[in-house]
Amino acid sequence: MTAVSFILLSTVGFTSDHISAWRLGARIVAVGLPGVAGVREVGRFHNGGPIPGNPEFLLTTREGRVLDPLRVLVAVGSNFGAPPGDLLFKPGAILSIDPRGDKSGTILVPQDLTDQDLADYGGPSPVQLYTAQSEPFLNRRYNGQARTARLAAASGPRYISINNAFGRPWIANAPNGLAGEGSVTVVDPDGAPLDNAPSREAGGVFAGRSTDRKQAQIAQPTGWLARGWLANGWLAKRLNYRASGQLTPGGLQTGALGTAFLGPSPDGSGFAVFAAVTADGSVVQIHVQDGVDGLAGPGTVSMGRNSGDDPGVIGIAFKWNPDRVLYIADPGRDRLVLLKLQDDRRHFTVAGAGMVSLPEFDRPVDIAAAVPEIANPHFSSHTTLAGGSDLFVANRGDGSLLRISQDGRLLARATIDIPGLGPLGGDRLRAIATSADAQRIWITIGGELPGFPGRDGALLEVPAFDEHGVSATAQQTQNAAANPDLAARGRELFQTDFTPRTGLGPLFNATSCLSCHPGPGGASADENRFARRIAHMDPGSGRTVPIDHPNSPVARRYMLRDGAGIAAEPAALPQQANVISLRMPPSLYGVAGIDDIPDSVIEAQAVSKGDGIKGRPHYVLDANGATRVGRYGWKADIAVLEEMVADAFTRELGITSVVSGHSGTDTQPVEQGSGEIEAVAAYLRMLTPAEEARR
């Protein structure tokens, strides 16, 4: 095919007179990533897909495991100690990195990850080898008869896209460099190419011309052929498939530099389809069962301004709603290419093409959804735009980040400040990805950083941004992570015995956090430490109503004599109370992780599970007046971790705070500033289930 003509979508970006400009402070997450390229946060796999549905696979998504939703996958050009599976192909690996780091702050990635002593970390390693160009990760492990049996899941890896909807991670590789045949692989949680693969010819590795489409459906399955196992079984294929050449010419003749999830195939089979962009500037589509078809021909995008330029990655993102549009970086022409997609009920075709061109583009190599699609159970992927999402664009030329709208308007520009280095210079930016909560951006860069000699390549975190400002949530998390003294101060406050002189009372359940959460941070089985939730129930109607009393709805056990003295005495229950519910103080290990669950994930679970019962999100206002799904408190009536801590100070210790939206009494002054609350919250963020297990 020739390059697509630019018609129907002739979009030219434009710059407003007043563009917001930001300087983003970077946190250095990890160093020592030679040949670093693509990056992607793992995210949460939807129920009903193969990973949550397989107990063994599901274990790999638990906290600290290789596909923990909060971990970050990074493509690198080293095997990290794993012996090569085939010396004819380039080495490479996908690492799973915990961006929450280790005790020392920045992670120094070991150059041999094959014999890690996990005891050194007191739990799961912050860096794990997910897959590599090594024998255990070759296609022949599960697909010995495949035409690509000798190829690995990762070999010269460049880009990562994850089918969080109903699939697995996919990797774009250049195992023979830019000019040689490329590959796109689909990888199981154990790091090997797909087991029980729908395609006998490809298994889990699509490469070169070996895995081009060889069959096509006669018609979309209906009736009994579309039901249950029959839809994809051998009988359906025998009755409803015919031998076929490619529906649109095109293949993986050159290195694959980018890939993005397109969703289920339009042929009705339900199988996943991914797009990939290759080093000759063409775009192809990979049907996990039926193989590779073309989409747009060579020259659709350009690798660079000079012959032989290697952009590292070619970013690609998919808009699925209301129109289907594929956004592709075009670094050689300083623009983005837009392909409007349609389908013929068999595969995707290009209905028209356009471009976004801005003066601020300077070798744009990668694209990321400002808000990734995480809620839709058919399209969920970090390479897919949520409804109305803007895009982030990474300029390799000058190291800047841009935020643009879908129609090409420049909304904001950001530069990156790195500790010890200052502004990120040109030609160092490699790839970007947005976190599932849309609050932070993961960045990979090449070269060494000050203070880390001999450790080429790094993973950074910067806050997300728009025309109105920088993500405060990400910045707060960075500050807490960058300041271990804050967490240490929080631990000290957690164990402090408060007195009336330091704000205790007049009503309280205990004099310290440690009293009810021993360990510190664990649960307490001492009934004297149980909280008492009280109410009044009308004996006739059975309706429960709150009690208007200073010692309600949580009835504190103690009070200061005369409201302000030093001696304490038992506090009386309100006389109207005829309903008392005892609540055990919970363990706080891992509780901070609830704060990281995006609203959309909680909302997506508010559906019937087949038994007629379903929950509903409780929408509340946070301390800044923003509406958010509640996560903490008696009825999920508290939005964020800091507010939960402040509420506990108020209800359990009688210490009011500038952060809390509640108060113990109408006359109690504010005694606890936001700094102390942030310190305790920082301490709780360090409490993980792994730490609990060590106690």
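1. Ground rules. Residues are numbered from 1 along each chain as its sequence is written, and side-chain values use heavy atoms, without hydrogens and water. In this predicted model, local features need pLDDT of at least 70 and side-chain atom pairs pLDDT 80 or more, while totals for chains, interfaces and linings use all residues.

2. Salt bridges. Side chains of opposite charge can pair when their charged atoms come close. The rule here asks for a side-chain nitrogen of Lys or Arg within 4 Å of a carboxyl oxygen of Asp or Glu. The count comes to 31 salt bridges.

3. Aspartate 427. Which arginine does aspartate 427 meet at 3.0 Å, N to O? Arginine 396. Arginine 396 is buried, because its relative accessible area is 8% (buried is under 20%, exposed over 50%, partly exposed in between; 1.4 Å probe, protein chains only).

4. A second partner. Aspartate 427 also forms a salt bridge with arginine 363, with the closest N and O atoms 3.3 Å apart. This pair links distant parts of the chain, 64 residues apart. Arginine 363 is at 22%, so it counts as partly exposed.

5. Arginine 140. Its salt bridge with glutamate 135 has its closest N and O atoms 2.9 Å apart. Arginine 140 is partly exposed at 39%. Glutamate 135 is partly exposed too, at 42%.

6. Nonpolar patch. Leu573, Ile580 and Leu582 make a nonpolar surface patch of about 240 Å² (residues with over 30% relative accessible area and no salt bridge; nonpolar side chains Val, Leu, Ile, Met, Phe, Trp, Tyr joined within 5 Å, like charges within 9 Å; areas by the Shrake-Rupley method with a 1.4 Å probe). Leucine 582 is partly exposed at 42%.

Notes
Helices (H or I, at least four residues) and strands (E, at least two) are DSSP runs, numbered from the N terminus.
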